[in-house]
Amino acid sequence: MTRLVAILSLCGATLAAAAMARTPDPLDVLRKAAYHQDDIPHRGSAVTVVTPPDKDEIRVPREVYAGRRGRYDIRVDSPPPIPPHRIVCDGQRQWRVMGDNDVAFVSAPLDFEEERRERMDRVDKLEEWARASIQRSTLCNRGTWLIKLERRGRGDDDRWYPMRDLHIDRETYLELGNTTYGRHGKPVSRTRYEALAYLGDDEVDDSRLQYGPEDHTLILPDPHRMGWPGRYRDATKHADWLVPLRERPAEWQPAGVAVHRYGRQAVAQFLYLDKERRQGTPVPILLFEKPRGEEAPHLDEFYALDDVTTQPQRRRQAVAWTDGELVYILASAMPRDELLRAAWRHVQAGDER
């Protein structure tokens, strides 16, 4: 009897080992990754490599510190002209803090459980139009599942093209690597952890997962996608409705324009630098513009644009008005009375044209 028990135990152990070695379904792994993502305490360093068409690759290092339920602190060492910045989320809102705390973009209120459901829904929809393969691999001294996602070409092109390569930690389901491909299967960007340490809940420093703006910080609504800064004369190539500030104080020096995305709506930010203020430190002064009637929910709510009129009106760190076709927002941490005077100069200059 003892021998039989030993044989049965050995068989059970063998079957268990075989089950552990069995390769899982790739979409099941992605579902677990979607569920656990942003809920795994860890710290580490990662590098994103972007490969623009016909240009040298751009390397963007970042330091990551993460807690549970969507709380994190990411320090990004961006190449010029974007300054180094910090992305911090306390689980309620995300802040994108630029430079020396001069500008902080804040998100709309966040719902961690809703975001988790949306991530899992996106995985479920992959079954309808993509195919996935899986194999064992390693990254950052961790055993990973390397999942390759492919999609069919468009129109009469029925070939399969690489879409995404994902390294998922086999134990924690943290995404450790992500390579994105363009329309014809050429790599566009790659993000990989280069160092990683998991943290226990009692090891997480909650003070690192919070942010508070300073008195001089200009708080702006966070766009869906940050635009790359460009020159004024090139701005209308991206949005032909852009109108620069018509009459500005002499000490305000133009520094360029970036077209950001708030939902589906493009909103321009004209950046002016007043070099005479704060002992030579530039003060950002931004002019937002958007066609009236086109919704941008976070921007509209942030500046209460439902009540905007043709008369410039004060908002928090801003003045807003409309000419019937465009909505304008002039924003800065400088005194609102000065912003209001500049807004009226813009309106009057338009009336005189």
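Select Asp39, Arg68, Arg69, Glu113, Arg116 and Asp201: salt bridges link them in a network. A salt bridge here is a side-chain nitrogen of Lys or Arg within 4 Å of a carboxyl oxygen of Asp or Glu. The count by this rule is 22 salt bridges.

This is a predicted model, in which local features need pLDDT of at least 70, side-chain atom pairs count only at pLDDT 80 or more, and totals for chains, interfaces and linings use all residues. Residues are numbered from 1 along each chain as its sequence is written, and side-chain values use heavy atoms, with hydrogens and water left out.

Next, pick Arg31 and Asp124. They form a salt bridge, with the closest N and O atoms 2.8 Å apart. The pair links distant parts of the chain: Arg31 is in helix H2 and Asp124 in helix H3 (residues 112-129), 93 residues apart. Helices are DSSP runs (H or I, at least four residues), numbered from the N terminus.

Now show Asp73 and Arg75. Their side chains meet in a salt bridge (2.9 Å, N to O). Asp73 is buried, at 0% relative accessible area. Arg75 is partly exposed, at 40%. Buried means under 20%, exposed over 50%, partly exposed in between (1.4 Å probe, protein chains only).

Stay in helix H3 for Glu114 and Arg117, 3 residues apart, about one turn of the helix. They form a salt bridge, the closest N and O atoms being 2.8 Å apart. Glu114 is partly exposed at 31%, and Arg117 is partly exposed at 44%.

Note on methods: Helices (H or I, at least four residues) and strands (E, at least two) are DSSP runs, numbered from the N terminus.
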